[in-house]
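Subject: Structure handover

Hello,

Here is the structure we talked about. Please open it first, then read my notes below.

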Amino acid sequence: MEVHTLLLSRLQFSLTIMFHYIFPPLTIGLGALLVIMESTYMVTKDPRYRAMAKFWTKIFAVSFAMGVASGIVMEFQFGTNWATYSRYVGDVFGSALAAEGIFAFFLESGFLAVLVFGWDRVSDRMHWFSTLMVALGAVFSAIWIVVANSWQQTPAGFHIVGEGIRARAEITDFWTMVFNPSTVHRLLHVLIGAYILGGFFVMSVSAFYVLKKRHLDLARKTFVLGLIVATIFSFAALVSGHFQAVTVSDTQPAKLAAFEGHFHTGTGGSPMTLWGIVDEEEEAVKYSLAIPGLLSWLVSGDASKPITGLDAFSEADRPPVSVPFYTYHLMIALGMYFIFLCLLAWFFYWRRTLFATRWLLWVFVFSVVGPFLANQGGWVAAEVGRQPWIVHKLLRTSDALSKVVRAEQVLASIVLFAVIYIFLFLVWITVLNRKIKAGPGDELSEVEPDSEKWSWIDAAAVRAAPGETSMTGATAEPAERKGS
Amino acid sequence: MDLNLLWFGLLGVLLTGYAILDGFDLGVGMLHLRARTDLERRIVMNSIGPLWDGNEVWLVTFGGALFAAFPHTYATAFSAFYLPFMLLLFALIFRAVSMEFRSKRDSTTWRRAWDVAFFGASGLATFLFGVAVGDSMMGLPIGPDMEFQGDLLDLLQPYGLLVGVLVVTTFLMHGSIYLYLKTEGDFQARIHAWMWRTFSVFLTAYIITTAVTLATIPHAISNFTQYPLASVVVLLNILAIANIPRAIYHKRPFYAFVSSAATIAALVFLFGMALFPNLIYSSLNADWSLTIYNSSSSQKTLGIMRNIAFIGMPFVLAYTTIIYWTFRGKVDLGKFSY
């Protein structure tokens with residue numbers, strides 16, 4: 001019976017967290033883009049940027065509401081399903097959660113009201129400030145939740161007090177807890193992942209508009225803005241990912257071994273497996289393509305130094321391999337794909353044919369799925385790779401359950417959540433679809449074609465579609481406009 | 001400073017804030033189907049449109065603070081109230097979504113379905129909150145290991161259901177006064193009658209609940225012998241309740257709203273008085289109760305949290321004020337409305 005409760009509770013957690021995590025990276029990423037759009041409007045006073053920001057605010061708001069609704073579940077289910085865990089970590093998570101509630105939640109949700117409903121009620125400056133606060137709130141929220149998660153992966157700044165059910169971690173040093181060994185790299189990687197998603201999301205919608213020849217001026221500008229953001233952060237993800245892997249090898253070697261499908265420590269340099277099929281029974285990766293010594297070189301700088309394999313850990317302390325291996329490799333492959341796709345877009349941009357290359361635009365329309373999958377894949381790898389521990393080397397996942405909750409109850413709640421989530425997801429897609437189809441049209445009708453100042457986004461976008469008439473009616477060439 | 005007491009107090013403040021703020025928007029949700037036309041229903045939803053999200057954050061923060069300050073209480077209570085809390089989550093999610101999506105399509109069937117969802121979810125959430133409060137007043141079967149030893153039936157006792165009804169009527173009254181403040185014309189005139197009706201229903205439930213509490217739950221009032229000054233709050237509570245019909249009669253809805261908010265604050269205070277120093281009273285053996293001392297985080301954590309709260313609170317108050325100031329006045333349906 002207890003096995004079922006454990007399995008079902010883990011299933012429920014993965015369902016609710018993965019559903020929830022569709023939305024936070026999207027709103028963190030879009031939030032940052034909204035700040036750029038509105039700041040450009042504040043500088044240029046070009047109403048087209050106001051129209052751009054208004055349109056994306058609508059998309060942002062729908063997704064944000066989904067994030068809030070699915071996020072409340074997260075906070076509840078630590079107590080409902082994982083009561084023993086909550087008793088154990090409460091003292092440590094306490095300060096992080098208090099900080100998140102006070103600094104992040106109130107900030108985001110309060111100013112969101114101004115963002116969505118306040119266009120006609122507050123000054124431009126106040127609206128811009130609210131956008132900044134919402135974007136900042138989203139980042140704060142990420143900070144504190146990543147601190148709490150990182151502490152589970154690499155506990156620091158605490159001591160264990162009490163025995164049996166009353167045993168728990170108590171904080172000894174707040175800042176050591178906050179800056180535990182994996183916090184900084186994890187946080188950077190999470191934020192970078194969110195900004196890539198933001199970039200690809202706006203590119204997807206904009207590419208669609210360009211292909212359908214709608215809202216051309218706005219769509220081109222937004223696309224180039226998204227491309228700049230996505231390119232910068234796709235490269236950043238590569239660098240940050242490397243440092244994170246090095247941290248994992250220091251602090252959670254079993255997890256790294258699972259990521260890499262590295263069963264046997266062996267002698268000499270450890271290879272890096274690019275792909276393959278994991279066979280956990282035979283402890284091998286079949287049909288694999290591996291580069292000898294690369295893993296050792298990347299992690300330690302010495303291509304001949306062996307990296308700890310799973311055989312260094314007792315059976316009971318090993319994480320499962322298949323799920324972390326595939327999701328980790330999926331994330332990396334997608335990361336490489338983002339870099340490749342962005343560079344390809346810049347090549348056509350340089351050739352001045354970006355918006356005439358229809359097949360590439362279609363690729364961008366569908367590529368938005370990539371960052372969603374990469375964000376999910378990275379987290380699945382990180383969390384399944386942490387098993388069998390819920391708090392690394394201190395508390396096992398199997399010991400962390402609520403003692404009084406029975407399998408039937410968990411099953412009932414899974415059914416409840418599955419129903420509501422499938423439903424919610426469909427409604428979210430429907431509403432997004434309608435908003436995107438409606439486009440920024442009604443905002444643009446009030447736009448006056450009068451832009452004295454030339455912003456950097458105009459300057460960047462014009463190169464991608466030279467000689468085309470912009471919505472303002474003038475032939476867009478930066479040099480001419482500046483002179484006029 | 002007794003940090004445990006401080007955090008008991010701060011949790012009380014968060015719960016009061018939540019009950020007053022989400023109280024009116026849950027109440028508005030329960031009154032939603034009483035609005036007749038599509039326009040009226042849009043006015044009802046938009047009266048809370050920009051605010052409900054911020055109001056719900058008080059609950060999220062209350063939950064976070066409970067987890068942080070009293071992890072044992074959080075763990076025991078949330079695992080004990082497993083199914084009711086799952087239903088509560090279900091209701092809260094549906095409420096949020098129904099508001100977000102109702103006016104996104106013109107179809108009558110679509111809008112009617114979301115109207116019913118909004119009404120039902122608001123009612124269910126309110127009732128479940130009330131049941132949880134009632135059960136806590138009564139005490140739960142908690143064993144020596146701090147774990148809940150009962151089942152779902154222990155959570156559905158008559159007293160819990162009675163308090164559930166009381167909370168529903170309180171929020172109905174609170175919500176109708178709020179709606180009166182936010183509306184104009186014929187619609188407002190009809191809401192005037194709603195205020196009278198909801199007030200009388202609330203008063204009846206209040207009197208019955210008070211009588212039953214005094215008669216059957218002795219530990220709920222034992223603190224008054226130790227802290228006689230707390231009786232002042234009882235007096236204030238009665239004055240606040242008495243002021244509601246007076247303000248409605250004189251068409252001073254703002255005073256009625258303040259009085260109704262004060263009534264809710266006083267009720268939360270009395271709830272705290274009934275519990276103190278326990279957070280979960282064990283009906284099996286009073287010694288097994290979870291108190292603000294035996295279920296708390298360490299003094300160090302409570303101290304860090306106090307510092308964070310004192311730094312953050314002025315900001316929270318500042319922007320809550322800004323938001324309510326921005327959206328003051330009557331409901332004004334624009335193109336950004338629901």
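A residue counts as buried if 20 or more other C-beta atoms lie within 10 Å of its own. By that rule, buried residues make up 53% of the 338 residues in chain B. Keep in mind that this is a predicted model.

Chain B overall

Chain B holds 13 helices and two strands. Its C-alpha trace spans about 55 × 40 × 35 Å along the principal axes.

Where the chains meet

How many residues of chain B are in contact with chain A? The count is 56, and they touch 58 residues of chain A. Four helices of chain B each supply at least two residues to this side: α3 (52–69), α4 (71–80), α5 (82–101) and α13 (299–326). The residues on this side of chain B divide into 35 nonpolar, 15 polar and six charged.

A hairpin in chain A

Now turn to chain A. Strand β3 (residues 272–279) of chain A pairs with strand β4 (residues 284–291) of chain A. The sense is antiparallel, over six bridges. W275(A) stands opposite L289(A) in β4(A). Four residues lie between the strands of this hairpin, and E283(A) takes a positive phi near 50°.

Best wishes

Conventions: Residues numbered from 1 in each chain as written. Chains lettered and ligands numbered in written order. Predicted model: local features only at pLDDT ≥ 70, side-chain atom pairs only at ≥ 80, totals over all residues. Buried ≥ 20, exposed ≤ 12 C-beta atoms within 10 Å, placed from the backbone. Contact = placed C-beta atoms within 7 Å. Nonpolar A, V, L, I, M, F, W, Y, C, P; charged D, E, K, R; others polar. Pairing = 2+ DSSP bridges.
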